[in-house]
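Dear colleague,

Please find below the structure that I am handing over to you. My findings follow it.

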Amino acid sequence: MTTTRRTVGHDELAAAAAGLLADGFRLALVAGHDDGDDGFRVVYLFLAGRPDRRVELTVITDRDRPRVPSLDEFSFPAGRFEREMRDLYGIEPVGHPRPRPLVRHAHWPEHWHPMRHDAGPPPPFSAAGRFPFLEVEGPGVYEIPVGPVHAGMIEPGHFRFSAIGESIIRLKARLWYVHRGVEKLFEGRAAGDGVELAERISGDTSAGHALAHSLAVEQALGVDLPDWAHRLRAMLVELERLYNHVADMGALANDVGFSLAEAHAQRVRERLLRINAAVTGHRLLRNAIRPGGISLRALPDPAELRAAAGDVAEIAELSLRNSVIYDRFAATGVLARGDAQALGCLGYVARASGLRTDARLDHPITELPVREVTGEAGDVLDRYTARRDEFAASVRLITELVTGHGETLEFTAPLGLGGGGAGVGIVEGWRGTVVHRVEVDAGGRLTRVKVVDPSWFNWPALPVAMNDTIVPDFPLVNKSFNLSYAGNDL
């Protein structure tokens, strides 16, 4: 799919963006670029589906005083992208109503912008300062701080509850405790060598990020793959959806005390991870997808997957037939459709609230018989049943992709150089739409990679869904979203 690209002036940007949003496009990413003596360049990618449409607007700003007009009044995600760009590049969003730091914590050096070419190694960091949380005052109001250090393997994130009794008045989430510099690490790598890093952006989405990155590189270099290779790649992303969805279903049941369902779900997850290893040689589906190619060891056995689907259906029935579990799930952590749409939510979070968003249909790589799963209430129950129904739909999709495929399991297309260029890769990962935008120079090196994981869009929705809930429901609602810290904190 080609991308329409045009450069606009500062005074044209707002009208052009507003027009695209009014035509049903969504703002998928905003990418800053340091072009050295030529100044800074900002690329805005707008996407619309059914049919697939992609438009990029580019604004150029000078180096001495980099600034762009803010689009916050038109798009909530735009305001967050602008704050991110201000922290990492020092590009000022003029007219932004809340230009406070997003990625940057108080202990960061004030004038250090790590994505600039001349940023150099990190200078000394100061003692940690305070984050200006809004304090809710009144009779009986108290605060509960949670994190950023959590039990187990979870990555750092801070949640601050303002509550009266058990009722939550306000929840604020503070992320970006681990800025890993992932996008900076792509710079200078050969175009075919970035996929290993892409697979490690968020470990449970290895196939999704690998495919989005590979598609972007292929578009930048003008590389085409046969349809059967695209279908095998799509199959791997569906396998990734399976093991993650069943793990979440077990964890949600466990959060309300039904450990039996959790034990069965973990058993099914382990079976699926072993299938992954047999298919690709890696339990997390790594090393199979690469720019210009795919390499598998075997195809999954549809009978084994159907057996897993039967187990998952039984786990869901056992869980939801329990009146205590059903009551804890239903009408808890409600994210209304209008809020989900305004925040730009993606994946099962958006679909559970009634939105139709699925990159397999909106931005298809190959024609797939995808069965859409949507909810209405936008509560924990709908986010649970969305996983249940998507598991069954993915098993049917994998079965169709495998049936009649043949014996060919590998394909490699030469990348060449092709003069370089820009490309966009869009994939419906298990959490939602993953987008990579890459630029490749004439020597075949990556000069810029912008990554947007669906968690980046969905994190702001979690505090909204916690309105009118109680503190003990936070672990349950949080797990029903199951957002990635790593995918957010690049």
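**The interface of domain 2 and domain 3**

Domain 2 and domain 3 bury about 1,100 Å² between them, and carbon and sulfur atoms account for 72% of this area. The size of an interface is often given in this way, as the accessible area lost when the parts come together. Please bear in mind that the model is predicted.

On the side of domain 2, the residues that lose the most area to domain 3 are E166, I168 and L171, which together make up 43% of what that side buries. The contact draws on 13 residues from domain 2 and 13 residues from domain 3. By class, the domain 2 side that touches domain 3 consists of 8 nonpolar, 3 polar and 2 charged residues. Two or more residues of that side are given by each of the strands β8 (158–164) and β9 (167–174).

**Domains and the database record**

The domain assignment divides the protein chain into domain 1 (4–94), domain 2 (141–174) and domain 3 (182–489). Between the C-alpha centres of domain 2 and domain 3 the distance is 27 Å.

UniProt, in an unreviewed entry, lists residues 255–402 as "domain: NADH-quinone oxidoreductase subunit D". Over residues 255–402 the chain is 60% helix and 3% strand, with its end C-alpha atoms 36 Å apart.

**Backbone points to check**

Most residues other than glycine have a negative phi, and most peptide bonds are trans.

- The peptide bond from R50 to P51 is cis, with omega near 10°. P51 is found in the loop between β3 (40–48) and β4 (53–61).
- G147 and P148 are also joined by a cis peptide bond, for which omega is about 15°. P148 lies in the loop that runs between β7 (141–146) and β8.
- W176 is not a glycine, yet has a positive phi of about 60°. W176 is placed in the loop between β9 and α3 (182–186).

With kind regards

Conventions
Residues numbered from 1 in each chain as written. Predicted model: local features only at pLDDT ≥ 70, side-chain atom pairs only at ≥ 80, totals over all residues. Heavy atoms only, no water. Domains from an automatic or database assignment. Contact = heavy atoms within 4.5 Å. Buried area = accessible area lost by both parts, 1.4 Å probe. Helix = DSSP H or I, 4+ residues; strand = E, 2+ residues; numbered from the N terminus. Nonpolar A, V, L, I, M, F, W, Y, C, P; charged D, E, K, R; others polar. UniProt positions renumbered as here; feature names shortened; annotations may be inferred.
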